[in-house]
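Hello,

Here is the structure I said I would hand over. Please have it open while you read the notes below.

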Amino acid sequence: MTNPLAQPNPTGRGGGLPTPPTGWPIGSYPTYAEAQRAVDHLSDQAFPVEDVTIVGVDLMQVERVLGRLTWAKVIGGGIVSGAWLGVFLGLLLGLFTDSFLGPLVAGIIGGIIFGLISTSIPYAATRGQRDFASTMQLVAGRYDVLCEPKTAERARDLLAKLAI
């Protein structure tokens with residue numbers, strides 16, 4: 001995982017324009033979790049993990065199909081998401097009026113109408129060309145752990161103990 005709050009590194013590592021990774025391979029793993037576990041093990045051994053990079057190799061875009069879309073599901077989803085938005089806006093408006101009930105009901109009704117419109121129009125525009133819901137992921141065939149040459153041998157030794 002990346003840290004969105006991390007500051008760019010003035011040395012050029014991890015910041016600025018994208019550059020190919022550098023370093024010597026110290027391990028290769030079939031899943032990201034295993035590569036992360038290896039780096040965590042190095043960290044637990046007080047290894048300077050700032051010398052380490054996890055590289056996803058053989059990248060694939062994977063679309064996982066969640067289920068079939070029907071008009072009933074689209075309309076139901078629009079009603080539910082719109083109602084939640086309406087509850088939020090109704091309660092927010094209720095803070096500035098004498099009654100919570102009026103703004104809450106108006107917010108729910110308005111939210112449902114908005115939800116129906118915002119889900120039905122895009123679904124109708126597909127004209128049956130995409131009648132399924134899915135999620136996209138970027139995954140790698142394997143994850144290599146690279147290390148700066150100055151500490152690579154020590155890192156390999158520490159990872160060899162992890163496999164035991």
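Ser120 sits in helix H3, which covers residues 101-125. Helices here are DSSP runs of H or I with at least four residues, strands are runs of E with at least two, and both are numbered from the N terminus.

The model is a predicted one, in which local features need pLDDT of at least 70 and side-chain atom pairs count only at pLDDT 80 or more, while totals for chains, interfaces and linings use all residues. Residues are numbered from 1 along each chain as its sequence is written, and side-chain values use heavy atoms, with hydrogens and water left out.

Is Ser120 buried or exposed? Ser120 counts as buried because its relative accessibility is 16%. The cut-offs are under 20% relative accessible area for buried and over 50% for exposed, with partly exposed in between (1.4 Å probe, protein chains only). A polar atom of the Ser120 side chain lies 2.8 Å from the backbone oxygen of Leu116. For a polar contact, the definition asks for a pair of N or O atoms within 3.5 Å; within protein, one must be able to donate a hydrogen and the other to accept it, and residues adjacent in sequence count only if both atoms are side-chain atoms. If neighbours within four places in sequence are set aside, Ser120 is in contact (heavy atoms within 4.5 Å) with Trp71, Val74 and Ile75.

Ala155 belongs to helix H4, residues 149-163. Its relative accessibility is 0%, so Ala155 counts as buried. Which residues does Ala155 touch, not counting those up to four places away in sequence? They are Ile26, Leu42, Phe47 and Cys147. Phe47 is 108 residues from Ala155 in sequence, yet the two are 7.5 Å apart in space, C-alpha to C-alpha.

Ala133 is part of strand S3, residues 132-147. Ala133 counts as partly exposed because its relative accessibility is 27%. Apart from neighbours within four places in sequence, Ala133 has contacts with Arg64, Val65, Leu66, Gly67 and Leu69. Ala133 and Thr70 are separated by 63 residues in sequence and by 9.9 Å in space, C-alpha to C-alpha.

Ala46 is in the loop between helix H1 (32-44) and strand S2 (52-68). With 63% relative accessibility, Ala46 counts as exposed. Its phi is near 60 degrees, a positive value in a residue other than glycine. Asp58 also has phi near 60 degrees, again positive in a residue that is not glycine; Asp58 is placed in strand S2.

Now the chain as a whole. It has four helices and three strands, in the order β-α-β-α-α-β-α from the N terminus on. Of its 164 residues, 25% count as buried. How does its radius of gyration stand against that of a compact globule? The protein chain has 25 Å, whereas a compact globule of 164 residues would have a value near 15 Å. The radius is taken over C-alpha atoms, and the globule rule is 2.2 Å times the number of residues to the power 0.38. Along its principal axes, the C-alpha trace spans about 70 × 45 × 35 Å. Among contacts between residues at least 6 apart in sequence, 84% join residues at least 24 apart.

Regards
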